[in-house]
Protein chains: 2
Amino acid sequence: MTAHVIRWGILGTGRIAGVFAEGLRELPDARLVAVGSRAQETADAFGDKYGVPRRHASYAALAEDPEVDAVYIATPHSSHAEETIRCLRAGKAVLCEKPFAINARQAAEMIAVARERGLFLMEAMWTRFLPLMGRVRELLAAGAIGEPRMVTSDFGFRTSFNPKGRLFDPALGGGALLDVGVYPVSLASMVLGEPERVSGLAHLGETGVDEQSAAVLGYGGGRLAVIWTAVRTNTPLESTILGTDGWIRIHRPSWRPTKMSLVRQGGDEEVIELPFTGNGYQFEAAEVMRCLREGRTESDILPLDETLAIMRTLDRIRESWGLRYPME
Amino acid sequence: MTAHVIRWGILGTGRIAGVFAEGLRELPDARLVAVGSRAQETADAFGDKYGVPRRHASYAALAEDPEVDAVYIATPHSSHAEETIRCLRAGKAVLCEKPFAINARQAAEMIAVARERGLFLMEAMWTRFLPLMGRVRELLAAGAIGEPRMVTSDFGFRTSFNPKGRLFDPALGGGALLDVGVYPVSLASMVLGEPERVSGLAHLGETGVDEQSAAVLGYGGGRLAVIWTAVRTNTPLESTILGTDGWIRIHRPSWRPTKMSLVRQGGDEEVIELPFTGNGYQFEAAEVMRCLREGRTESDILPLDETLAIMRTLDRIRESWGLRYPME
């Protein structure tokens with residue numbers, strides 16, 4: 001194994017764990033060496049399916065595996081904090097699936113452990129690392145649409161109501177906001193920073209979690225973001241960034257964007273397409289590996305202070321509805 | 001003059017007065033017979049330009065003109081109530097430009113005068129009467145997208161800041177909400193009714209009016225509308241109606257819609273186009289004439305109770321920002 005190869009472990013064996021394993025295949029300098037599950041059987045099944053040599057029957061065993069450099073946390077939201085801290089304490093670099101935690105308190109604890117130990121930690125908001133989003137940042141930095149004044153973004157999908165499912169279970173941090181609403185909040189954060197004011201309404205369904213909601217986020221200088229999210233209703237899956245001198249429309253599905261329209265003030269629509277191979281999860285993994293090789297403990301594309309601000313915003317949105325999870 | 005021709009007068013000679021005069025040309029059974037201004041010179045200039053035989057040097061003279069059946073009120077927002085009531089008291093049917101009034105109190109007074117006298121009155125929300133909007137109502141009534149759950153709609157445009165202009169003057173009911181935000185609010189009303197809850201944020205600029213804002217409107221059963229509006233920033237000018245079994249996208253500019261996409265659950269996008277001739281203002285005039293011929297005192301497509309509810313919603317949105325006009 002050359003010095004350049006980063007050895008990955010995946011903690012958890014659910015759907016997103018498989019998606020990430022497939023993403024890693026796009027990177028010649030990444031190797032998926034280990035998986036950890038709560039049972040040997042599921043670890044083995046995942047190992048067989050994705051060609052992972054080391055299969056651990058506990059999360060602790062994965063965290064302690066000396067052959068692993070970086071761990072991707074793929075458990076449900078409600079255990080992100082515990083598993084991230086477990087891996088950091090074992091000396092691993094950690095990429096933690098979004099939402100980073102249940103709330104800002106948990107996020108601050110995770111970040112404090114990483115910083116105390118000088119270890120790498122990053123939120124796995126994979127969309128931010130896609131090629132198109134890099135181009136969006138370049139256009140904004142170059143003033144292509146003037147000063148951004150407003151961001152609008154949605155992420156809603158229609159799933160069947162299942163009171164026992166993860167998405168509807170308050171004990172697992174269920175609801176639309178933490179699962180998919182975090183994408184619009186993260187986009188707004190990337191463009192406008194942390195809001196000063198939050199105002200929102202939600203429909204809390206029969207299990208008490210947000211089945212659909214909308215919020216307005218207010219920033220310095222009168223800038224605004226408008227976001228909406230749902231788990232029982234499809235939404236357009238689009239985002240727009242409205243500036244003083246034009247606007248950018250990120251086409252659907254804007255959580256996996258490959259196409260945008262750029263309209264400069266008084267100009268025609270320019271369509272920019274940036275397709276990619278693979279499922280797109282390789283870009284966040286590549287960012288982790290770039291940082292590790294450069295000796296960085298966090299990404300400047302998604303710094304930990306920003307992840308913490310995003311969690312504070314999610315907390316404030318939930319506060320505006322009166323939604324608290326039982327573990328809080 | 002046959003019994004079927006309706007004789008119109010226009011009160012005011014500004015931009016929208018000319019637009020309405022042009023719209024009337026599409027209707028063979030309408031005749032623009034009179035215009036009223038505050039000065040003979042502007043009345044004559046308008047009369048020359050649009051071929052109007054009777055030119056009055058005061059609004060009172062127009063209201064009293066026995067040759068006029070119906071008056072279109074085309075003055076700035078802040079005088080809609082006064083001029084509408086003046087014309088009703090003179091026995092005229094009235095079509096009053098949007099926003100119907102500065103606030104719900106004024107609107108209730110206007111409606112009371114019309115009802116007391118048994119006279120026709122309608123808000124000139126012209127978009128609602130366009131052919132495409134009729135098709136939207138038919139699709140919703142037929143359950144094409146199931147039960148509507150969410151409406152999103154915006155109307156923002158970029159104009160230069162002009163502290164002396166109507167749009168920026170609090171004394172004339174300036175700001176984006178009353179001028180163009182009323183379109184998204186009216187669409188939400190058409191689909192979802194009157195909201196139970198209102199939550200919003202605005203940027204009040206240096207003259208104290210809303211230069212950009214966004215609001216979430218909450219309805220029974222957890223239904224939501226998300227609207228945003230601006231006067232110094234262009235917005236996409238689109239609307240969507242998201243249902244349990246699909247969605248409708250009204251393409252830009254959705255305030256003058258001729259094209260929509262209908263996506264039924266699991267189906268492909270169906271594009272429906274309903275172009276029209278003329279500038280589109282003829283449809284609201286035709287609705288007034290249909291009602292007058294049928295002896296109706298209000299339109300069932302835009303009833304006065306709904307106009308009043310829309311004004312209450314606009315009031316509540318402004319309340320959430322703390323924006324009151326000096327005349328209130």
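This is a predicted model: local features need pLDDT of at least 70, side-chain atom pairs count only at pLDDT 80 or more; totals for chains, interfaces and linings use all residues.
Contact here means heavy atoms within 4.5 Å.

Helix α2 (residues 40-50) of chain A lies across β1, β2 and β3 of chain A, and runs at about 155° to β3(A). Helix α1 (residues 15-24) of chain A lies across β1, β2, β4 (70-73) and β5 (93-97) of that chain, at about 165° to β1(A).

These strands belong to an open sheet of 6 strands in chain A, with parallel pairing and the order β3-β2-β1-β4-β5-β6. β3 (54-56) and β6 (121-124) of chain A stand at the edges; each has a single partner strand, so one side of each is left without a neighbour in the sheet. On average, neighbouring strands of this sheet are turned by 25° against each other, direction ignored.

Let's zoom in on one pairing. β1 (residues 6-11) and β2 (residues 30-36) of chain A pair in the parallel sense over 6 bridges. Within β2(A), Gly36(A) is the bridge partner of Leu11(A).

**Aromatic rings**

Over all chains, the count comes to 19 aromatic pairs. Here are two of them:

| Pair | Centre to centre | Between the planes | Type |
|---|---|---|---|
| Phe276(A) and Phe283(A) | 5.5 Å | 80° | edge-to-face |
| Trp126(B) and Trp255(B) | 6.2 Å | 65° | edge-to-face |

The Trp126(B) and Trp255(B) pair links distant parts of the chain, 129 residues apart. Is Trp126(B) buried or exposed? Trp126(B) is buried, with a relative accessible area of 1%, whereas Trp255(B) counts as partly exposed at 26% relative accessibility. Phe276(A) is buried at 14%, and Phe283(A) is partly exposed at 23%.

Terms used. Residues are numbered from 1 along each chain as its sequence is written. Chains are lettered from A and ligands numbered from 1 in the order in which they are written. Side-chain values use heavy atoms; hydrogens and water are left out. Rings of Phe, Tyr and Trp (its six-membered ring) pair if their centres lie within 6.5 Å; planes under 30 degrees apart count as stacked, over 60 as edge-to-face and the rest as tilted. Buried means under 20% relative accessible area, exposed over 50%, partly exposed in between (1.4 Å probe, protein chains only). Helices (H or I, at least four residues) and strands (E, at least two) are DSSP runs, numbered from the N terminus. Two strands pair if DSSP finds at least two bridges between them. Axes are lines fitted to C-alpha atoms, for helices over the stretch in contact, and angles run from 0 to 180 degrees between N-to-C directions.
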